[in-house]
Amino acid sequence: MSIGDSPTMKPGDQVKVSARGTFVFTVKDVDEDNGMAMIEVNADSPLTYPWPARLSDLVPVED
C-alpha cells in the first residue's frame, strides 16, 4: 500500500507516518470525517503522547 491510499484505520492499528518511516506508531483515535488520526509512538519513553496525523500519510505496518 502506498502513501495517499486511504486504508480504513482503527484504534490499535500499527502504522508508520510514511513508507520510509522508521518509527512505529499506534492509532489511538480516528476521525474519518476530517481525515485525521491521533497516533502515539511505540517507544520506551515516559514522554509519549498522542498527536494528530493525516490518514492519507499513514502506512500500515506489515508483519
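## Overall fold

The protein holds five strands and zero helices. Please keep in mind that this is a predicted model.

How much of the protein is buried? Of its 63 residues, 22% are buried.

## An aromatic pair

The count of aromatic pairs comes to one. Phe 25 and Trp 51 form this pair in an edge-to-face arrangement, with 5.7 Å from centre to centre and 80 degrees between the planes. The pair links distant parts of the chain, as Phe 25 belongs to strand β2 and Trp 51 to strand β4 (residues 51–54), 26 residues apart.

The two partners can also be described by their surroundings. Phe 25 counts as buried because its relative accessible area is 9%, under the 20% cut-off. Trp 51 has a relative accessible area of 31%, so this residue is partly exposed.

## A negatively charged patch

Now to the surface, where a patch of negative charge brings together Asp 29, Asp 31, Glu 32 and Asp 33. Where in the chain does Glu 32 lie? Glu 32 sits in the loop that runs between β2 (25–31) and β3 (36–41).

Is Glu 32 buried or exposed? Its relative accessible area is 52%, so Glu 32 is exposed, given that the term applies over 50%.

Terms used: Residues numbered from 1 in each chain as written. Predicted model: local features only at pLDDT ≥ 70, side-chain atom pairs only at ≥ 80, totals over all residues. Heavy atoms only, no water. Patch = residues over 30% accessible without salt bridge, like charges linked within 9 Å, V, L, I, M, F, W, Y side chains within 5 Å. Areas by Shrake-Rupley, 256 points an atom, 1.4 Å probe, with all protein chains shown as cover. Salt bridge = Lys/Arg side-chain N within 4 Å of Asp/Glu carboxyl O. Lys, Arg positive; Asp, Glu negative; His and termini not counted. Charge placed at Lys NZ, Arg CZ, Asp CG, Glu CD. Helix = DSSP H or I, 4+ residues; strand = E, 2+ residues; numbered from the N terminus. Buried < 20%, exposed > 50% of the residue type's maximum accessible area, 1.4 Å probe, protein only. Phe/Tyr/Trp six-rings, centres within 6.5 Å; stacked < 30°, edge-to-face > 60°.
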